[in-house]
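Good morning, and thank you for making time for this presentation. I would ask you to keep the sequence and the model in view while I speak.

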Amino acid sequence: SMVEFKALYFASARDAAQDKAFEILQIADKQPATMASALECIKVTYPKMKSVLESAMIALNERYCDKDDMASIEIKDMDTVAIIPPVSGG
C-alpha cells in the first residue's frame, strides 16, 4: 500500500515547488517509506529542489531530522515533511 505524506515548503523551497506551500505526495510502492524516499519523491517532482535540499533543514512532524539518518527515518501515512531552507540574511 502506498504511503502518502504532506510536504510543506518554506522560502526558496516554495519557489522551487512552483509557489506551492504544501501538497500531498506519494512514496512509490516499491520504495521503503523513509525520509530518503520522501525527499527523492520531492526531487523527482521538482528538479529545482535538489539544490534547495542541500542546505535546507528537514523536519518530520515538526521535529528536525539529522541529515545522516534520512534512510532510517520511517515515514508513516500522512506524516508531515517540512523543507526549511536557511533564511537569507540582510
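Before I describe the sheet, one definition: two strands are said to pair if DSSP finds at least two bridges between them. Please also bear in mind throughout that this is a predicted model.

By that criterion, five strands form an open sheet, in the order β2-β1-β5-β3-β4 and with mixed pairing. Strands β2, residues 22–27, and β4, residues 63–64, stand at the edges; each has a single partner strand, so one side of each is left without a neighbour in the sheet. In which sense do β3 and β5 pair? Strand β3, residues 57–60, and strand β5, residues 79–84, are antiparallel, and four bridges link them. Within this pairing, isoleucine 58 has isoleucine 83 of β5 as its bridge partner.

Along its principal axes, the C-alpha trace spans about 45 × 25 × 20 Å.

I turn to burial and contacts. Of the 90 residues, 38% count as buried. Among contacts between residues at least 6 apart in sequence, 57% join residues at least 24 apart.

Which of its residues are buried? They are Met35, Ser37, Ala38, Leu39, Cys41 and Ile42. The cover over these buried residues includes β1 (3–9), β2, α3 (49–55), β3 and β5. In general, an α-helix has 3.6 residues a turn, so residues three or four places apart point the same way.

Next, the surface. The chain exposes about 5,600 Å², of which carbon and sulfur atoms supply 52%. As for charge, there are 10 positive and 14 negative charges, and their mean positions are 3 Å apart.

Finally, a single loop residue. Aspartate 66 lies between β4 and β5. Aspartate 66 and isoleucine 27 are 39 residues apart along the chain, and their C-alpha atoms are separated by 20 Å.

Thank you for your attention.

Conventions. Residues are numbered from 1 along each chain as its sequence is written. This is a predicted model: local features need pLDDT of at least 70, side-chain atom pairs count only at pLDDT 80 or more; totals for chains, interfaces and linings use all residues. Side-chain values use heavy atoms; hydrogens and water are left out. Buried means under 20% relative accessible area, exposed over 50%, partly exposed in between (1.4 Å probe, protein chains only). Contact means heavy atoms within 4.5 Å. Accessible areas come from the Shrake-Rupley method with a 1.4 Å probe; for residues, only the protein chains shown count as cover. Lys and Arg count as positive and Asp and Glu as negative; His and the chain ends are not counted. The place of a charge is taken as NZ of Lys, CZ of Arg, CG of Asp or CD of Glu. Helices (H or I, at least four residues) and strands (E, at least two) are DSSP runs, numbered from the N terminus.
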